[in-house]
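Biologist: Please show me the model. I want to go through its chain contacts and one of its pockets.

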Number of protein chains: 4
Amino acid sequence: VKIDEILKTKLTETILFLAQKGWSPGTGGNFSVVSNQSPLELFMSPSSIDKTQINQSQIITVDSDGKVIKGHGKSSAETAIHLVLCKKYGAKSVLHTHSIWNTSLSRKIKPFESITLSGYEMLKALGESTHDTVVEIPVFPNTQDIDFFAQMLDDEYEKYKSMKAFLMAGHGLYCWGDSIESAKRHTEAVEFLLECYGVENFIIKNF
Amino acid sequence: VKIDEILKTKLTETILFLAQKGWSPGTGGNFSVVSNQSPLELFMSPSSIDKTQINQSQIITVDSDGKVIKGHGKSSAETAIHLVLCKKYGAKSVLHTHSIWNTSLSRKIKPFESITLSGYEMLKALGESTHDTVVEIPVFPNTQDIDFFAQMLDDEYEKYKSMKAFLMAGHGLYCWGDSIESAKRHTEAVEFLLECYGVENFIIKNF
Amino acid sequence: VKIDEILKTKLTETILFLAQKGWSPGTGGNFSVVSNQSPLELFMSPSSIDKTQINQSQIITVDSDGKVIKGHGKSSAETAIHLVLCKKYGAKSVLHTHSIWNTSLSRKIKPFESITLSGYEMLKALGESTHDTVVEIPVFPNTQDIDFFAQMLDDEYEKYKSMKAFLMAGHGLYCWGDSIESAKRHTEAVEFLLECYGVENFIIKNF
Amino acid sequence: VKIDEILKTKLTETILFLAQKGWSPGTGGNFSVVSNQSPLELFMSPSSIDKTQINQSQIITVDSDGKVIKGHGKSSAETAIHLVLCKKYGAKSVLHTHSIWNTSLSRKIKPFESITLSGYEMLKALGESTHDTVVEIPVFPNTQDIDFFAQMLDDEYEKYKSMKAFLMAGHGLYCWGDSIESAKRHTEAVEFLLECYGVENFIIKNF
């Protein structure tokens with residue numbers, strides 16, 4: 001129980017941090033951490049609440065079907081995405097943000113193409129051992145049929161298993177990790193890299 | 001009375017949040033919530049105060065003619081806009097912000113034309129059920145004759161009844177909702193969408 | 001004495017607010033309020049301190065020659081500018097900020113030309129009665145001979161008496177008012193307007 | 001011992017300040033202050049921790065070979081850079097930040113060329129006596145062989161001894177000073193100047 005409380009505190013503090021950055025406006029975004037591995041259960045932010053004001057008592061628990069089994073509040077429509085990332089992609093924590101740059105860039109990429117990040121020291125925050133590498137962030141088309149989308153992530157695991165994060169076009173960014181700390185590190189790193197990508201390609205262009 | 005205090009606290013916290021974002025500089029902006037439906041009365045920020053330092057005791061009460069009936073301080077010149085939104089457009093709370101992007105974009109649109117927002121997940125924060133929709137944000141010319149402008153909103157209700165928010169050119173954004181929470185959600189969502197619109201159309205342009 | 005303490009508190013809080021905005025980086029900027037009219041004395045931030053950490057006990061008092069008559073610390077090299085604004089231009093408080101946009105724009109304007117601001121509601125925060133007006137922000141060349149510059153402001157009073165604020169090229173912005181509150185309002189308004197000016201002219205350009 | 005605690009407090013507060021600015025995302029960045037001159041010892045942020053949440057008890061002590069001699073945690077891979085700056089370039093404190101503008105600009109400059117900063121009042125925060133001067137910020141290629149890079153800085157001291165700061169391409173900024181306070185002032189000044197440089201050259205361009 002005490003470990004659960006620590007986990008909820010960490011999740012709440014992480015949500016407040018990301019919301020304070022402006023990456024969760026208009027009650028957008030959803031955030032989870034695995035609270036039990038078998039059967040799979042997640043602590044998760046409920047839908048439609050102001051993430052800049054979340055407190056620990058609002059965290060809900062969802063089961064492996066996305067049903068709320070503890071706490072008050074609705075689970076997010078996007079719970080199925082969190083679940084497939086935990087079941088299939090090894091995630092212990094999933095963070096979904098809406099930032100100006102992740103949203104704007106995602107609308108300019110053709111569906112199923114990706115943003116190529118290369119040569120950045122910050123790639124090491126994603127687990128790479130050197131800046132001299134290439135990381136692709138796929139951009140999937142947005143949909144209101146989240147179950148369909150989650151099923152696609154499940155079906156196409158072999159194709160996408162090495163991805164570090166993905167964008168949904170006009171929607172936002174999903175990052176994850178093997179702990180809240182690493183999911184947060186990945187989120188900060190990808191948001192940073194996407195903004196650099198935007199500044200370099202669309203503001204600086206050719207020196 | 002207790003409900004009134006809770007409402008004033010919420011209004012004050014919302015104003016501080018928006019001011020902290022930099023959306024209410026130079027004592028700009030004004031903010032209200034319906035405190036009584038019949039006769040119509042609003043709790044409202046007084047004119048000419050620093051919104052980053054507002055406290056609850058500064059909230060004034062105005063009646064349906066815009067007269068201050070409780071509290072110290074002048075009502076804003078723009079109270080008539082708040083009142084017509086509450087009387088005719090179903091608003092229970094009205095938030096008026098000045099941001100860099102809402103001001104700059106509003107000056108580049110022809111009067112009475114609109115900014116078209118489409119394909120964003122964040123449109124769901126405005127009450128849409130899907131991203132695959134179109135929301136128009138009308139841009140009205142600015143005026144110092146606020147009574148005239150408020151009368152126009154009254155007269156043209158049939159034309160504008162479905163709008164979610166509007167801009168006044170070179171002036172700022174009006175958002176509203178059926179509660180402070182929803183008005184805040186709409187404000188955050190529209191500010192986010194306008195900034196995305198600016199970044200996509202004027203920084204990224206063609207990928 | 002009590003009024004003096006209130007004034008020092010207000011000055012300190014205003015400096016912290018502006019520094020928090022990022023408008024006083026690298027110990028830059030200086031800030032004053034008239035503490036005595038005759039003989040003229042100013043409360044002022046000392047030179048070379050970190051403005052994000054200033055506390056009230058660090059505020060110095062300077063006389064009408066710029067000599068420190070109370071408190072520890074050196075007076076800023078730019079004290080003479082504060083003094084001429086108080087002696088000749090009716091200032092009771094002078095705030096000097098360094099922001100990205102005020103610095104960058106000031107380097108692109110020809111010396112002694114100005115930035116023309118027109119059509120903004122925010123011009124009312126500078127004391128204008130309507131948005132439908134024109135405010136010119138002159139840009140003076142930078143110099144290390146501050147006495148020379150202050151003398152110029154003194155000599156050319158008839159030419160510049162209606163200015164609301166000015167820029168020094170590659171250096172920063174001076175705003176003032178008849179109280180700390182109005183000087184702060186002017187600073188926030190001009191910083192906002194300069195950023196809008198930049199976004200409209202150099203990012204949005206033609207719609 | 002008491003002086004050590006004060007130094008650790010100052011270092012911790014400086015790290016929190018820089019992290020709060022967003023200049024140390026994804027656990028990036030590393031920060032040190034000389035705690036003993038002979039033999040040389042540094043207080044330093046450990047590797048791989050979230051800099052927005054660092055507390056004083058996490059500060060480690062490293063010796064002149066980069067070995068951790070006090071505290072828990074790993075020393076940063078880049079400790080060798082801190083050490084050569086302290087041994088050869090007179091640094092008493094070294095601050096290494098990752099910002100959008102320092103990273104993006106550094107990728108657009110040819111290796112071993114530099115960014116030329118001239119005409120800014122803010123150059124005085126770097127120890128210059130006038131704005132009418134030229135400061136070059138060299139851009140070195142990034143490498144994972146930090147010992148090699150540190151040795152280059154050692155070998156090429158005569159060539160680089162007057163530099164105030166340097167960039168590593170796609171990696172970040174190194175600033176230093178003869179105290180934590182001056183290293184912080186230099187960091188704030190260079191970050192400010194690089195952002196002005198970006199805005200002037202790639203957003204404003206020709207007026």
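This is a predicted model: local features need pLDDT of at least 70, side-chain atom pairs count only at pLDDT 80 or more; totals for chains, interfaces and linings use all residues.

Biologist: How much area is buried between chain A and chain B?

Modeller: Contact here means heavy atoms within 4.5 Å. By that rule 27 residues of chain A meet 26 residues of chain B. Buried area is the accessible area (1.4 Å probe) that two parts lose on being put together, summed over both. Carbon and sulfur atoms give 60% of a total of about 2,300 Å².

Biologist: Which side chain of chain B meets Asp50(A) in a salt bridge?

Modeller: A salt bridge needs a side-chain nitrogen of Lys or Arg within 4 Å of a carboxyl oxygen of Asp or Glu. The rule finds two across the interface of chain A and chain B. In one, at 2.4 Å from N to O, the partner of Asp50(A) is Lys184(B).

Biologist: Which residue of chain C pairs with Arg107(B) in a salt bridge?

Modeller: Chain C puts 26 residues and chain B 28 residues into their contact. Two salt bridges join these chains. Arg107(B) takes part in one, 2.7 Å from N to O, and its partner is Glu200(C).

Biologist: Which element gives the most to the side of chain C that touches chain B?

Modeller: Helices are DSSP runs (H or I, at least four residues), numbered from the N terminus. Two elements of chain C give two or more residues to this side: helix H1 (2-20) and helix H6 (180-204). The most, 10 residues, comes from H6(C).

Biologist: How far apart are the nearest C-alpha atoms of chain A and chain C?

Modeller: Chain A and chain C do not touch. Chain B and chain D also lack a contact, with closest C-alpha atoms 9 Å apart. For chain A and chain C the value is 9 Å.

Biologist: Which element gives the most to the lining of the second largest pocket?

Modeller: A pocket is an open set of points on a 1 Å grid over the protein atoms alone, where a 1.4 Å probe fits, with protein on both sides within 12 Å along at least five of seven lines; lining residues have an atom within 4 Å of a point. This one has 35 lining residues, with Arg185(D) among those nearest its centre. Six residues come from the top contributor, H6(D).

How values were computed. Residues are numbered from 1 along each chain as its sequence is written. Chains are lettered from A and ligands numbered from 1 in the order in which they are written. Side-chain values use heavy atoms; hydrogens and water are left out.
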